[in-house]
Amino acid sequence: NAEYMGLKQWLLGDKRDKRYLYMFKKAAKGIIKHLVKRSEPSGMWYIAERTSGNQVLDKMDHLVCFAAGMFALAYSEIPDPNPKWLELAEGLGDTCYHMYSFTGTGLAPEIVRFEAGNDMLPQAVKYILRPEAAEAWFYLWRITKNPKWRSHGWKMFMALEKWCRIPSGGYAGVRNVSAVPPVNDDLQQSFFLAETLKYLYLLFDTPTTLDLSSWVFNTEGHPLLRSHRKSYIYEDED
């Protein structure tokens with residue numbers, strides 16, 4: 001749960017350990033102050049990267065799309081939340097959709113860079129079946145009920161079916177998301193089943209399936225029961 005900066009640990013402990021809440025709020029404040037930026041000219045939200053030498057790079061990995069879900073979850077769970085969290089979550093969710101929609105295949109690059117006057121440009125052009133955008137849209141759908149998040153997920157799924165599904169079985173990433181047709185990389189990542197397909201499925205399933213008031217998903221997408229709920233133990237009624 002390191003990706004969510006203590007937020008999920010706080011939820012797993014029934015919101016009792018304030019250390020984790022403090023950890024999240026402090027980290028979130030630093031991200032918003034030092035790393036959140038807007039592209040030019042369209043004003044897309046993104047989280048820049050800061051190097052060990054304190055240089056800020058105007059780039060964003062697909063991995064960072066998880067932050068849209070993190071800020072949405074924080075907004076829905078923390079009392080008196082910062083309104084900026086939801087605004088940022090939705091902005092990042094849209095940016096991550098644009099990472100898919102602006103390529104020829106409808107699949108997102110591993111890394112994009114932001115350049116004044118050009119908004120977003122591909123930097124690392126491979127796609128390895130990553131889940132973070134689907135994860136973000138899942139949280140945003142559950143929390144806002146805005147149907148556009150399902151629309152984004154469906155378009156992602158259709159691109160996966162078109163370009164990543166292998167006739168002999170399974171799915172594989174592509175070497176260049178801008179090339180049509182793309183060349184597959186002959187590799188199905190383990191997180192594709194554990195996260196990518198799981199979050200896409202949950203995006204379209206009913207909200208009562210693994211509802212967020214009862215479950216917390218860890219970094220690899222495995223659902224953990226929150227401690228304020230009774231464990232599901234099947235007892236013999238006889």
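Select Ser-76 to begin: its side chain reaches the backbone oxygen of Leu-73 at 2.9 Å. This is a polar contact, that is, a pair of N or O atoms within 3.5 Å, where within protein one must be able to donate a hydrogen and the other to accept it, and where residues adjacent in sequence count only if both atoms are side-chain atoms. The model is predicted, so local features need pLDDT of at least 70 and side-chain atom pairs count only at pLDDT 80 or more, while totals for chains, interfaces and linings use all residues. Residues are numbered from 1 along each chain as its sequence is written, and side-chain values use heavy atoms, with hydrogens and water left out.

**Around Ser-76**

Ser-76 sits in helix α3. Helices (H or I, at least four residues) and strands (E, at least two) are DSSP runs, numbered from the N terminus. With a relative accessible area of 39%, Ser-76 is partly exposed; buried means under 20%, exposed over 50%, and partly exposed in between (1.4 Å probe, protein chains only).

**The cavity**

Next, select Lys-8, Leu-11, Leu-73, Glu-77, Tyr-139, Leu-212, Trp-215, Val-216, Phe-217 and Arg-226, which line the largest cavity. On a 1 Å grid over the protein atoms alone, a cavity is a set of points where a 1.4 Å probe fits but cannot get out, a pocket is an open set with protein on both sides within 12 Å along at least five of seven lines, and lining residues have an atom within 4 Å of a point. The structure holds one cavity of 30 Å³ or more, and the volume of the largest is about 30 Å³. Grid points are joined across faces, edges and corners, and a volume is the space filled by probe spheres set on the points.

Which element gives the most to this lining? It is β8, with three residues. At least two lining residues come from each of α1 (7–12), α3 (66–77) and β8 (215–217). By type, the lining has seven nonpolar residues, no polar ones and three charged ones. Here Ala, Val, Leu, Ile, Met, Phe, Trp, Tyr, Cys and Pro count as nonpolar, Asp, Glu, Lys and Arg as charged, and the others, Gly among them, as polar.

The largest pocket has a volume of about 160 Å³. Select Leu-35, Ile-47, Ala-48, Val-64 and Phe-66, which are the closest to its centre of the 14 residues that line it. Both β5 and α3 supply at least two residues of this lining, which divides into ten nonpolar, no polar and four charged residues.

Select Lys-59, in strand β5 (residues 59–61). Is Lys-59 buried or exposed? Lys-59 counts as buried because its relative accessibility is 11%. Its side chain and that of Glu-49 are joined by a polar contact of 2.7 Å. Not counting residues up to four places away in sequence, Lys-59 touches Ile-47, Ala-48, Glu-49, Ile-111, Val-112, Arg-113, Phe-114 and Gln-123; contact means heavy atoms within 4.5 Å.

Move to Glu-110, in the loop between α4 (83–101) and β6 (111–115). Glu-110 is buried, with a relative accessible area of 11%. A polar contact of 2.8 Å links its side chain to the side chain of Arg-130. Beyond residues up to four places away in sequence, Glu-110 touches several others, including Met-60, Asp-61 and His-62.

**The cysteines**

Display Cys-65 and Cys-96, which form a disulfide with their sulfur atoms 2.1 Å apart. A disulfide is a pair of cysteine sulfur atoms within 2.5 Å, and by this rule the count comes to one. The link of Cys-65 and Cys-96 is left-handed, with -110° about the S-S bond. Cys-65 lies in the loop between β5 and α3 and Cys-96 in helix α4, so the pair ties together parts that are 31 residues apart in sequence.

**Last stop: Asn-146**

Finally, select Asn-146, in the loop between α5 (132–144) and α6 (148–163). Asn-146 is partly exposed, at 27% relative accessibility. A polar atom of its side chain lies 3.0 Å from the backbone nitrogen of Lys-148.
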